[in-house]
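Dear colleague,

I am passing on a structure for you to look through, and below it you will find a careful account of what turned up in it. Please keep the model open while you read.

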Amino acid sequence: LANKKFHPEPTKVKVGNVIIGGDTTVIMSGPCAIESRKQLLDTAHAIKKAGAHILRGGAYKPRTSPYAFQGLEEEGLSYMKEAREETGLPVICEVTSLNAIEAAIKYVDMLQIGARNMQNFYLLKEAGKTGLPVLLKRGLSATIDEWLNAAEYIIAEGNPNVVLCERGIRTFETATRNTLDISAVPVIKSKSHLPIIVDPSHATGVRSYVKSMSMAAIAAGADGLMIETHPDPSIALSDGPQSLSFEQFEDLTSTLKPLINLL
Ligand code: PEP
Ligand code: MN
C-alpha cells in the first residue's frame with residue numbers, strides 16, 4: 001500500500017487546512033516538550049509570525065533517562081488545543097501508548113509516532129485506526145524498507161494519511177547526535193507515494209547546523225521540515241542544544257522562503 005508501483009500518484013495528506021505533499025514546503029515547529037501554557041502559546045504565536053504552518057509539541061516524552069522530564073500529558077494536550085484556537089495552526093503531538101492516543105485524539109490534528117516506537121506494531125495499528133494523519137519518524141537504526149513496512153501497518157488499518165519523517169540515524173559518527181540520511185528523501189520518492197519531511201533538529205542535535213541541513217532537505221525534494229523552537233533554549237527541559245530561539249527561527253524561515261518559492 002505504501003509502494004509506488006501500485007499507487008503512482010503522490011499522496012497529499014491534509015492536516016487541518018494544511019496540505020503536506022502539495023506545492024508548498026510545510027514547516028512544523030514548536031518546543032520539544034510542552035512545559036507550560038505560556039511557553040507553548042508564546043511559541044505558537046512566534047512561529048506563526050515567522051511563517052510556520054503547523055505547531056508541534058511533546059506532551060508524552062520518550063526520554064532516554066527515566067529521571068528526565070516526561071511531559072505534561074493531558075494538561076499539555078489541552079494547551080495545544082488552546083494554541084490552535086488562538087493561532088489557527090493545526091497541531092501535532094507524539095503518542096507513546098494507547099492511553100496517549102485516546103487522550104490525543106480529543107485535542108490534536110495529527111499524531112506523531114517517534115523514532116523509538118517506529119516498530120511498535122501494536123501502536124502503529126492503533127494510530128492507524130484513529131483515521132487521523134500520522135507522522136511516522138524513522139527508527140534510530142531502521143532501514144528504509146523497515147520504515148516503509150511500518151507505514152504499511154498504519155495504511156493497512158484503512159488510514160492512508162501517513163507522512164514520513166527522516167530524523168537522522170545511528171552511525172559511528174559522534175560530531176552530531178545522529179547522521180542525517182539526506183538520500184532517504186530521493187530513495188523514498190522513488191519507492192513510495194508518501195510525503196516525506198526532514199527533522200534537522202533531532203538529526204544534528206546542534207542548533208548551528210539546523211539551517212544548512214534545512215536547505216539541504218529542501219534541495220533534496222523534501223515536502224517539509226520539523227524544527228524545534230523554544231522561547232529560551234538555555235532553560236529548555238529537553239533538547240535545548242538543538243532548539244532555535246524565535247529570532248533564529250525567523251532568520252531560518254526568511255532564508256528558506258526564496259528557496260521554497262523557487263520549487
Ligand atoms: C521529538 O520529535 O521530540 C522526538 C522525540 O523525536 P524522535 O522520535 O525523532 O527522537
Ligand atoms: Mn526533541
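How many bridges join strand 9 to strand 10, and do the two run parallel or antiparallel? Strand 9 (residues 196-198) and strand 10 (residues 224-228) run parallel and are joined by two bridges, where strands, like helices, are DSSP runs numbered from the N terminus (E, at least two residues, for strands; H or I, at least four, for helices). Val198 has Leu225 of strand 10 as its bridge partner.

This is a predicted model, in which local features need pLDDT of at least 70 and side-chain atom pairs count only at pLDDT 80 or more, while totals for chains, interfaces and linings use all residues. Residues are numbered from 1 along each chain as its sequence is written, and chains are lettered from A and ligands numbered from 1 in the order in which they are written. The protein chain has a mean pLDDT (the predictor's confidence in each residue, from 0 to 100) of 97, with 99% of its residues at 70 or more.

Eight strands, in the order 3-4-5-6-7-8-9-10, close into a barrel with parallel pairing, and two strands count as paired if DSSP finds at least two bridges between them.

Around ligand 1 there are residues that include Cys32, Glu94, Lys137, Arg167 and His202, each with its C-beta atom, placed from the backbone, within 6 Å of the ligand. The shell divides into three nonpolar, three polar and four charged residues, with Ala, Val, Leu, Ile, Met, Phe, Trp, Tyr, Cys and Pro counted as nonpolar, Asp, Glu, Lys and Arg as charged, and the others, Gly among them, as polar.
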